[in-house]
Amino acid sequence: MHCKSLWIKASAKSPAKDQFQEELVIRPLHSGDIYASFQFRTLWDTDFLQEGQKKVSHYRLFPKSLGQVLSKFSVQELHISFTQGFWRTMQWGQPFIPSPPGAELWVWFHHTVSDVDGNWKELTNVLSGIFCASLNFIDMTNTVQPSASFKPLGLGNATDHRFLRYATLPREIVCTENLTPWKKLLPCGSKAGLAVLMKSEKLFHSSFHSQAVHIRPICQDEQCTSKAWELRQTLNVVFDHYTSGQGKKEWSLFKMFSRTLTEACPLASSSKVYVDITDNPELSPATPLLSQAVVLGDRRTYSVYDLTRAETFGQLRSFNLLLRWKGDNMLRPLLHAERYVAGFGLQTGEIHTVIYNNHPYRAFPVLLMDSVPWYLQLYIHTLTVTSKSRDNKPSYIHYQPAKDRHRPHLLEMLIQLPPHSMTEVTVQFERALLKWTEYTPDPNHGFYVGSSVISALVPSMVAMSTNFTQDQPLFSSFVPVKEESSYFVRVYTEPLLVNLPTPDFSMPYNVICLTCTVVAVGYGSFYNLLTRTFQVDEPSPPLAKRLANFIRRIRGVPLLA
Amino acid sequence: MDYYNLMRIFAFIHLLVSIPHGYSNYVETKAGQFFSSGHTNNWAVLVCTSRFWFNYRHVANTLSVYRSVKRLGIPDSHIVLMLADDMACNYRNPKPATVFSHKNMELNVYGDDVEVDYRGYEVTVENFLRVLTGRLPPSTPRSKRLLSDDRSNILIYLTGHGGNGFLKFQDSEEISNMELADAFEQMWQKRRYNELLFIIDTCQGASMYERFYSPNLMALASSQVGEDSLSHQPDLAIGVHLMDKYTFYLLEFLEEVHPASQANMNDLFKVCPQSQCVSTPGHRTDLFQRDPGSVLITDFFGSVRKVEITKDTINLTSPVEPPIQRSGSGDIQIESLTYVDQLPVAEIIHQKPKQKDWHPPDGFILGLWTLILLVFFQTYGIKHLKHIF
């Protein structure tokens with residue numbers, strides 16, 4: 001880390017202050033769908049981790065449940081996301097905040113923590129209670145420690161990767177029970193501000209739904225002399241125009257969310273709605289406020305609606321946006337990736353990861369991170385990386401083999417992608433047979449392998465701004481920008497669903513029945529053969545004969561046979 | 001005539017005298033009722049044990065009891081809800097984030113404010129018994145624990161597929177009636193309940209409460225041994241049966257109950273007679289101390305708090321002021337912090353592999369070396385060593 005020192009006059013600090021901002025960005029996508037991204041940010045000038053300081057006990061805008069978690073487990077950065085659906089990069093472009101399907105959790109612990117694994121285990125259990133999710137299934141068999149990916153997104157002075165833990169649960173379901181506690185973390189709850197739009201019946205009837213919580217320390221001001229804690233809650237949703245829009249490229253807030261906005265959150269210092277009008281859609285009500293922002297390497301124009309001003313709501317005291325558009329040109333994403341399983345049968349297979357570089361003349365490096373569960377045994381000697389049908393040797397490889405029932409495989413590679421090319425990474429694997437108690441109650445569904453993560457610095461067509469100002473809209477200030485000519489992007493591939501050889505679970509019962517029958521019949525017959533003897537036994541004659549014999553005895557004549 | 005008037009006056013005077021006496025009796029009975037139930041808090045454990053889309057009705061059963069219990073006052077922090085599969089956001093659900101109990105989608109029992117504590121693969125026999133007996137690992141969060149005490153009334157509702165003496169969990173394991181009875185006995189020994197109401201809606205449900213032997217237990221089941229519990233009605237848009245008959249009529253009965261209602265357990269026993277349910281619901285009250293006619297429905301399904309009003313004033317302590325932080329006097333040096341580079345390519349390429357911590361060799365390696373050394377010394381002998389070295 002490169003430090004500059006400043007001499008300033010000491011001053012008495014006032015009690016820590018916090019502020020809350022909310023924003024909604026609406027972006028029509030070229031396939032006719034519409035992308036809505038909510039971001040809620042709470043900034044708090046305090047320090048949970050300072051030693052020798054009275055513990056933080058008064059929480060105002062920052063939720064107390066998360067604050068207590070941060071100080072108890074000495075967490076420096078926490079990123080958790082719950083996603084339903086898969087982000088289609090080719091049709092929708094790049095998201096503002098990417099996330100893989102299922103649940104993903106990665107945490108940087110403070111450098112004073114001595115037992116990182118113990119803190120990690122307890123942290124996952126506490127978070128599973130806060131978010132009503134089964135995060136307690138995160139244990140050593142699906143946690144990895146990446147060696148180069150997932151650098152801290154906030155301030156940090158130590159990048160020793162021993163304090164980083166990453167885990168993903170691709171099978172995790174997201175439903176109203178995860179949204180309810182997420183909404184309760186907001187200062188206004190779901191009663192005022194932009195959060196009134198979050199009705200679960202509409203949000204989950206969509207192609208893509210992702211809610212996330214990101215906590216990190218950031219610079220308090222331009223000089224960056226002290227830290228402030230930032231809590232960002234983001235919710236990204238893509239509404240499908242066939243199921244919700246009835247096939248027309250015409251959207252309104254009421255159609256999307258079945259609600260309109262009536263007021264801004266009273267605790268928010270800024271509450272804005274941005275609508276992307278770069279492709280000139282028809283927008284009503286019109287607004288004179290326009291803003292330009294460079295986000296994801298593209299300069300786009302936005303209409304801004306400020307909800308803290310009463311005139312936005314008009315005479316009816318309600319704000320409903322109507323959007324209709326015709327054009328459909330989209331900036332082709334420069335980087336996207338796919339992954340699939342090849343092969344047949346239940347013994348072997350091959351994982352193919354395909355990465356596309358669509359830049360016409362620039363090559364750039366990407367960092368590919370793969371975390372494969374232990375029951376798919378990878379044969380790393382079959383690992384090949386080919387670009388344009390020629391071998392492409394990665395400049396950095398880190399591989400940690402799996403230990404059965406202890407840890408998964410971790411493969412990280414830094415690959416240089418040639419311009420306008422397709423790079424394919426293949427590795428063969430063999431499927432393991434699990435112990436019969438390790439199967440889930442529905443093993444024929446298959447087993448999930450988490451998404452691969454591709455981190456890259458993509459060269460940008462437009463110069464990015466490196467100034468850090470508090471007035472930048474939230475959606476363009478998530479990732480800190482260090483240089484003007486490139487922007488950082490993270491792309492997630494599809495998770496894989498792999499069938500493992502599944503035993504017939506009724507076999508133990510069948511075996512017991514069969515064995516007992518065989519033993520009974522075999523041993524029983526043998527025992528009888530050895531020990532059974534036959535004796536002649538006169539049957540007692542029937543009653544009529546006995547009576548006849550009795551009368552004959554009296555008469556003195558010979559008896560019957 | 002005079003005699004008749006005299007009788008009237010006499011009766012009137014008698015009435016005047018008996019009114020205050022009757023009134024004090026009324027007050028006493030009311031006070032007696034106020035303190036008769038003996039519980040101070042309410043808990044509910046609601047479990048659905050079936051997986052797969054065609055068992056939608058079991059999830060709808062559990063959610064309708066959850067809805068009634070929440071409506072009558074028990075908060076989410078006192079409800080442990082266990083759903084073995086997700087129906088609301090299932091990809092086969094034509095109306096996502098909803099679970100309906102009545103056909104034509106009249107009533108959405110999933111709602112907008114649901115908190116499921118155990119879901120999916122977490123609903124197992126082991127977790128259920130651990131929740132009941134309180135033997136959970138120390139890192140379990142509060143929302144997943146049953147923190148009841150000896151003054152708690154607990155409602156336990158189970159639904160799923162069952163048979164004579166067992167209940168199936170997630171198509172892969174079962175809980176037997178003996179295990180359940182033992183769990184309740186453990187709860188009694190540890191004083192984890194004051195009174196417990198157990199409701200079960202499965203086939204042959206009465207077999208599950210046959211083996212109970214702890215005091216203060218009341219049990220209801222949807223069918224007797226040898227009978228099947230039937231499902232109520234399918235919805236053609238969703239494609240599956242929405243509810244079971246017993247819980248459907250139970251929900252209809254509970255919709256009439258409100259927090260001040262005086263309905264008692266005898267009314268609950270009459271829910272869903274054979275003419276409506278086809279199966280014969282059963283109940284068991286011999287282990288229960290009080291007469292079922294005096295037990296209110298809200299004793300178990302609601303959370304009616306007994307409030308004592310006081311007229312004294314209470315002084316609150318003044319809030320603690322956080323100390324104003326003073327960072328030294330005079331000029332001090334402060335380092336300006338910077339963000340970390342997200343993809344430092346040069347740094348990554350020249351990264352040294354991290355030092356693995358040295359562990360002492362484990363059993364196999366030690367054994368192998370011991371064998372090699374033994375063979376070596378046996379072949380060459382100790383006394384020859386000085387010639388070799």
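**Cysteines and an active site**

With 80 degrees about the S-S bond, the disulfide between Cys175(A) and Cys89(B) is right-handed. This link crosses between chains, running from the loop between β7 and α4 of chain A to the loop between β2 and β3 of chain B. Please keep in mind that we are looking at a predicted model. The two sulfurs are 2.1 Å apart, and both Cys175(A) and Cys89(B) are buried.

How many disulfides are there over all chains? A search of the whole structure finds four. Another one joins Cys219(A) to Cys224(A), S to S 1.8 Å. Its torsion is about -60 degrees, so that disulfide is left-handed. In chain B, Cys272(B) pairs with Cys277(B), and with 100 degrees about the S-S bond this link is right-handed.

Cys513(A) is partly exposed, at 34% relative accessible area.

Let's move on to the active site. UniProt, in an unreviewed entry, places it at His161(B) and Cys203(B). They are spread over 43 residues of sequence, yet they cluster in space, with a largest C-alpha distance of 6.5 Å.

His161(B) sits in strand β5 of chain B and is partly exposed. Its side chain makes a polar contact with the side chain of Asn55(B), at 2.9 Å.

And Cys203(B): buried or exposed? Its relative accessibility is 18%, and the cut-off for buried is under 20%, so Cys203(B) counts as buried. You will find Cys203(B) in the loop between β8 and β9 of chain B, where its contacts include Gly162(B) and Ser223(B).

Key
Residues numbered from 1 in each chain as written. Chains lettered and ligands numbered in written order. Predicted model: local features only at pLDDT ≥ 70, side-chain atom pairs only at ≥ 80, totals over all residues. Heavy atoms only, no water. UniProt positions renumbered as here; feature names shortened; annotations may be inferred. Helix = DSSP H or I, 4+ residues; strand = E, 2+ residues; numbered from the N terminus. Buried < 20%, exposed > 50% of the residue type's maximum accessible area, 1.4 Å probe, protein only. Polar contact = N/O pair within 3.5 Å; in protein donor to acceptor, adjacent residues only side chain to side chain. Contact = heavy atoms within 4.5 Å. Disulfide = S-S within 2.5 Å. Lists of a residue's contacts leave out its neighbours within four places in sequence.
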